[in-house]
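Work through the following exercises with the sequence and the structure at hand, and try each task before reading its solution.

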Amino acid sequence: MKARLGLSLATASLWHRRKVLALVCLTLTLSVTLLLGIQYLRTEVKSSFASTISDTDLIIGARSGQLNLLLYTVFHIGDATNNIRWSTFQALKKDARIDWLIPISLGDSYKGFRVVATDQAFGEHFRFGRGQHLKLAEGQWFSGIFDVVLGAGTARTLNHGINDEVVLSHGGGRTSFSNHKGTPFTVTGILEATGTPVDQAVYISLQGMEAIHVGWESGVAIPGRTLTPEQARDREFRPKTITAVFAGLDRKILTFRVQRDLNQYTEEPLSAILPGVALSELWRLMGQFERALLGITGFVVITSLIGLIAVLLTLQAQRAHEIAILRAIGASPSLIASLYIIECLALAVVACLISLALGALTISMFGPWFLANYGVQIQLRPLNLEEWALLAFVPLAALLVALAPALSAWQQSRSQGFGSSGES
């Protein structure tokens with residue numbers, strides 16, 4: 001009976017002060033939304049990050065650090081320190097321990113998007129997520145020397161479709177004054193969105209990459225020495241070097257042995273890295289910053305709760321008459337103190353509920369935008385245990401901060417000495 005009376009009184013009190021408390025609730029809601037949103041985004045980005053490449057046992061490139069090799073081959077960030085010889089790739093193909101190889105050659109771009117030269121093995125063996133295959137949303141994989149396949153993000157951003165003509169640029173920068181105008185490519189396919197850097201790239205054949213660089217020296221086309229599309233189609237091209245190789249092994253147990261042998265390769269200096277290990281190291285470095293951001297957001301929530309204390313203590317001076325009436329009709333000091341605790345908890349719970357609804361709406365609206373612009377797939381899903389724990393922290397913290405105004409109200413009501421409860 002006492003609990004029901006306290007709840008009824010707290011509800012009436014909240015409604016009576018709804019204008020002031022609504023602003024407090026709004027501040028707390030925004031703080032909780034920020035806290036939960038950062039944690040949710042952190043989890044989704046980590047999941048998307050880890051699923052960038054899967055079922056690839058080794059990435060092989062010129063001698064360099066494993067993070068640098070991972071960044072320029074998988075994330076298309078930075079440039080290779082050197083290339084590896086085509087003869088090395090041919091030797092790898094003869095290794096009985098290796099099941100498949102995907103050669104890639106980098107160096108050019110298209111309106112800021114990285115150009116990746118490869119072969120049919122890329123479409124057959126490259127995996128992302130939980131072993132998912134690359135799929136074409138429309139068209140077909142390149143077959144001709146001047147065919148090009150666009151990632152979903154590239155096609156969406158540049159508004160390209162099948163049979164559109166594209167002119168690639170020399171170099172990997174966003175702005176280039178050296179374009180391969182004499183050898184345009186034709187879009188033959190557009191990949192489905194993957195939520196990985198695959199979406200933000202342009203794919204051509206290794207032969208196409210070689211053809212457009214005939215007659216180029218030091219990044220400059222030599223007049224009269226470059227090829228026309230007709231001339232290029234009548235010739236066969238074999239690359240002298242490539243940038244890196246993705247490798248899948250026939251027996252996973254041999255991964256570390258093959259890695260050691262490649263790192264000790266005598267024909268030229270190579271680095272062979274395990275993508276999963278490199279991804280973990282990269283996330284560990286990034287994790288320090290996102291944990292710091294989460295901690296700052298936690299302080300924002302605490303600041304909002306402290307503001308709630310200040311508001312309740314300010315309002316308490318205006319509630320002296322209310323407390324006197326409650327004591328006169330028999331309300332005990334503990335019941336009056338509980339009103340503050342119930343009010344704080346109610347505001348915190350309402351803020352959490354609104355935050356959940358606001359977060360779900362935001363993810364539904366901006367999830368596709370994140371995928372299109374940043375290649376990060378953020379989907380609506382149930383909260384995990386860590387996220388529920390963060391959400392539960394808010395009412396618990398509200399309960400603790402409510403003790404200050406509750407204790408003050410308890411002492412004030414005792415000093416008035418009214419009521420018939422007998423409590424002193």
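**Exercise 1.** Decide whether Phe-89 is buried or exposed, and describe the ring pair formed by Trp-86 and Phe-89.

**Solution.** Phe-89 has a relative accessibility of 3% and therefore counts as buried, where buried means under 20% relative accessible area, exposed over 50% and partly exposed in between, with a 1.4 Å probe and protein chains only. Trp-86, at 13%, counts as buried too. The model is a predicted one, in which local features need pLDDT of at least 70, side-chain atom pairs count only at pLDDT 80 or more, and totals for chains, interfaces and linings use all residues. Residues are numbered from 1 along each chain as its sequence is written, and side-chain values use heavy atoms, with hydrogens and water left out.

Next, apply the ring rule: rings of Phe, Tyr and Trp (its six-membered ring) pair if their centres lie within 6.5 Å, and planes under 30 degrees apart count as stacked, over 60 as edge-to-face and the rest as tilted. By this rule there are eight aromatic pairs. Trp-86 and Phe-89 form a tilted one, with 4.8 Å from centre to centre and 35° between the planes.

**Exercise 2.** Which type of pair do the rings of Phe-146 and Phe-185 form, and why?

**Solution.** Their centres are 5.2 Å apart and their planes stand at 80°, so the pair is edge-to-face. As for accessibility, Phe-146 is buried at 3%, and Phe-185 is buried at 0%.
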